[in-house]
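Please look over the sequence and the model first.

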Amino acid sequence: MNTVPSVKTDVFIVGAGAAGLYASLHLPQPTEILVCDKGKKRSGSSPWAQGGVAAALGPDDSPDLHVQDTLRVAAGHADVSAVQVLCYEAPECIMELAELGCDFDRNPDGTLHLAREGGQSVSRSAHHEDSTGAAIMATLRQHASKRVKRIEGACLRLDVVDGRCVGGWVLTEEGVVRVQANSTVLATGGIGAIFNSTTNPAGATGDGIVLAWEAGAGLADLEFVQFHPTALAAGLGHQRVLVTEALRGAGAHVVDADGRRFLFDHHSDGEMAPRDVVARAISSRKGAWLDCRHLDPGIWQKEFPTVYSGCVRHGIDPVRDLIPVAPAAHYFVGGIQTDLDGRTTIPRLYAIGECSNTGVHGANRLAGNSLAEALVFGRRAARAIAGQRTGKPKEPMGDVDLEPVEIDADDSWVRLRDLCTNAMGIERDPTNLRSLPAALEDLARLPITDDRSVLELRSAAILARLMARAALLRTESRGVHHRIDHGEPVPEWAGVRLRLALTDLP
Ligand SMILES: Cc1cc2nc3c(=O)[nH]c(=O)nc-3n(C[C@H](O)[C@H](O)[C@H](O)COP(=O)(O)OP(=O)(O)OC[C@H]3O[C@@H](n4cnc5c(N)ncnc54)[C@H](O)[C@@H]3O)c2cc1C
């Protein structure tokens, strides 16, 4: 057994994205907070968010209308209480961010400018140009830096004593550090990096979900992965530039090779149809393009500089050229099962943001709702932690041993991404779903090691096997989960949330 240095804290937050940092700001003084993250190159999706954060703030909007839109897009699968919490509490969080200094775009009368995105019946996304996430994160980092201690590294295991989470272990550049905490919060983001084509950053490998599962916490809705319909179909590698939906909200058309707006063949809302509909329609064509040539060229610098520079980097001038687009893995709907205050099924272990499953998104996420969920449920989890009985952290019991691993991680990643894309892409084939668990067994059984890339590979493989199991169990199509052998929703499946726990190892 190794002896590792240890640190004590009141609250240990794993993940420094919007969810983790916003939660940290809502823990009362003098709570000691330690935030752990994987570093600059793995800084999560939050800084990349483009279109905006949804909240019923417009004169033509209301929390009830936001609830209605969210439930409609969620395809009969959302948790209504969670949706109500989201829609009623989001406006306060956005106004608080604005007060903290977040530079949201404003109308001439000083009110927040709201963009309209797919599935929203009115304009509802507060934004900063098309780099909303960067603006939010700048504000959160500025305020959180005064409140939290930070440790850079990968959390590789949680410690559970007498059924209660008491912290975990972090692999840093200097070695493993044990963190002892009264409460632990997982805020580790998404999973897009397990697919061949994704809008997510490299570190989106589902670590937190696997940490929770290995500790014995329940997971839910793992079969639901959202593919963004319009990622830039240019460049090499698996990471794609996102072309925000707000551009379609501003009037861009989706056309086929003949220049025809084909989305109206699939949905009466055309370009503003829900993401799953648009993604399936685009992937069923030989190619699809965004036509922005009729738009005022001034919008590029004023509203969409991020998309513009992403296009120009790939030799496309959106003022004159069509923008080639294709769907890419974008958002994980499933995750660590929580209640309305971020509590997981393990006492003193919380989950917030994209790694959590509050039930808000049902079978499909409405645009702008993920940042809103990260804020609303991050704040609720912080308040729940503050309301807990305090006391000394329980003494940790376990330990971690790091084993050397010899493996070609690059080759293994290619294999894993191919398998995940074939089995769990936009159209799911049961044969591929059935064969995935065995094909990834070797990677899922890799030991805990000191190579961070191997750790991510291990997480990705374990998670992929669980996801395939859930996708195979759900013998219907609903929202973003589309089976080629069960093409329609089955009424009996509506609202049935598949919950997997440690015993469900495929
Ligand atoms: C290109 C893009 C555009 C988007 N646009 C929008 C939008 O306009 N509106 C919207 O609502 N949503 C949008 N989303 C989704 C939204 O950005 C994310 O769902 C949200 O930011 C997730 O926040 P988070 O705090 O949960 O996780 P993240 O911001 O992903 O942060 C995860 C954190 O966890 C850390 N971490 C992960 N694993 C470990 C580990 N093992 N140990 C230690 N630390 C770890 C990472 O380093 C990081 O700090 C977009 C996503 C992308 C990729």
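## Helices and a buried glycine

Helix H4 (residues 132-144) has 13 residues and spans 18 Å from its first C-alpha to its last, close to the 18 Å expected at 1.5 Å a residue. The model is predicted. Buried residues of H4 include Ile136, Met137 and Leu140. Thr132, Gly133, Ala135, Thr139 and Ala144 of H4 are buried too. The cover over these buried residues includes helix H1 (18-25), strand E3 (53-54) and H3.

| Item | Value |
|---|---|
| Residues of H2 | 63-73 |
| Residues of H3 | 80-100 |

The crossing of H2 past H3 is right-handed. On the H2 side, the contact is made by Pro63, His66, Val67, Thr70 and Leu71. H3 contributes Val80, Val83, Gln84, Cys87 and Tyr88. By class, the contact of H2 with H3 has 7 nonpolar residues, 3 polar and no charged ones.

Gly208 lies in helix H5 (residues 207-215). Is Gly208 buried or exposed? Gly208 is buried, because 28 other C-beta atoms lie within 10 Å, and 20 or more count as buried. Leaving aside neighbours within four places in sequence, Gly208 is in contact with Val14, Gly15, Leu186, Thr188, Ile336, Ala351 and Cys355. The C-alpha atoms of Gly208 and Glu354 are separated by 10.0 Å, with the two residues 146 apart along the chain.

Conventions. Residues numbered from 1 in each chain as written. Predicted model: local features only at pLDDT ≥ 70, side-chain atom pairs only at ≥ 80, totals over all residues. Axes fitted to C-alpha atoms, helices over the stretch in contact; angles between N-to-C directions. Helix = DSSP H or I, 4+ residues; strand = E, 2+ residues; numbered from the N terminus. Left-handed = near helix turned anticlockwise from the far one by under 90°. Contact = placed C-beta atoms within 7 Å. Nonpolar A, V, L, I, M, F, W, Y, C, P; charged D, E, K, R; others polar. Expected span 1.5 Å × (residues − 1). Buried ≥ 20, exposed ≤ 12 C-beta atoms within 10 Å, placed from the backbone.
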